[in-house]
Amino acid sequence: MTLRRMNWSFVLVTSVLLTGCETNQFQQEVQTEEAAVKLANETVAGGYELITTATLKKMLNGDDEFLLVDAMPTEKFETGHLSGAVNFTFPKEVMDDWNETTMGDKTQSDFQTLLGENRERAIVFYCGFVKCARSHNAAVYAQKLGYTNVLRYPGGIYAWRGAGHPLATD
């Protein structure tokens with residue numbers, strides 16, 4: 001192989017490595033920004049607070065009583081969920097009103113029964129990952145029903161597993 005050909009090969013390989021597979025760090029930042037702004041806007045509109053994986057882990061290891069709700073489909077819940085969570089499925093598209101078609105056979109009354117009488121108890125909602133709106137929908141409806149200590153764990157199952165924490169299958 002000639003020196004000229006090796007230089008050309010080096011330039012080609014280097015440019016591929018620097019740009020990555022169609023996404024470089026600058027393009028990734030645009031995607032991160034879009035997700036962050038969407039999450040911030042949902043949070044403001046929903047009127048709830050966000051918590052991190054570390055905060056949820058402390059809550060689970062602590063003595064404070066709270067309700068942990070997985071908003072994913074029952075089939076997903078059964079394959080793995082956070083220990084102690086209960087399941088109530090919400091759609092992944094943002095919903096403005098409770099829609100009997102979208103919610104299947106579940107009513108607002110069913111949801112309120114799950115959440116309980118104590119409207120000041122902390123309730124944490126999660127789903128699969130940040131871009132999923134299931135936990136947003138659940139948090140919004142808890143607020144609409146008058147619950148005042150509503151929290152959303154946006155990282156969900158992916159962030160939980162990413163932090164090295166196990167899932168339950170009970």
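So, cavities: searching the whole structure turns up one cavity of 30 Å³ or more. By cavity I mean a set of points, on a 1 Å grid over the protein atoms alone, where a 1.4 Å probe fits but cannot get out. The lining, meaning residues with an atom within 4 Å of a point, is Ala35, Lys38, Leu39, Glu42, Val130 and Lys131. Three of these are nonpolar, three are charged and none is polar.

Now, this is a predicted model, where local features need pLDDT of at least 70 and side-chain atom pairs count only at 80 or more, while totals for chains, interfaces and linings use all residues. Numbering runs from 1 along each chain as its sequence is written, and side-chain values use heavy atoms, without hydrogens or water.

pLDDT is the predictor's confidence in each residue, from 0 to 100. The chain averages 85, and 86% of the residues score at least 70. Confidence is lowest in helix H1, residues 3–19, with a mean of 43, and highest in strand E2, residues 66–70, at 98. Across residues 1–19 the pLDDT is below 50.

Next up, Asn87. Is Asn87 buried or exposed? Asn87 is buried (under 20% relative accessible area, with a 1.4 Å probe, protein chains only), at 18%. Its side chain makes a polar contact with the side chain of Thr74, at 3.1 Å; that term means a pair of N or O atoms within 3.5 Å, one able to donate a hydrogen and the other to accept it.

Conventions
Helices (H or I, at least four residues) and strands (E, at least two) are DSSP runs, numbered from the N terminus. Contact means heavy atoms within 4.5 Å. Buried means under 20% relative accessible area, exposed over 50%, partly exposed in between (1.4 Å probe, protein chains only). On a 1 Å grid over the protein atoms alone, a cavity is a set of points where a 1.4 Å probe fits but cannot get out, and a pocket is an open set with protein on both sides within 12 Å along at least five of seven lines; lining residues have an atom within 4 Å of a point. Grid points are joined across faces, edges and corners, and a volume is the space filled by probe spheres set on the points. Ala, Val, Leu, Ile, Met, Phe, Trp, Tyr, Cys and Pro count as nonpolar, Asp, Glu, Lys and Arg as charged, and the others, Gly among them, as polar.
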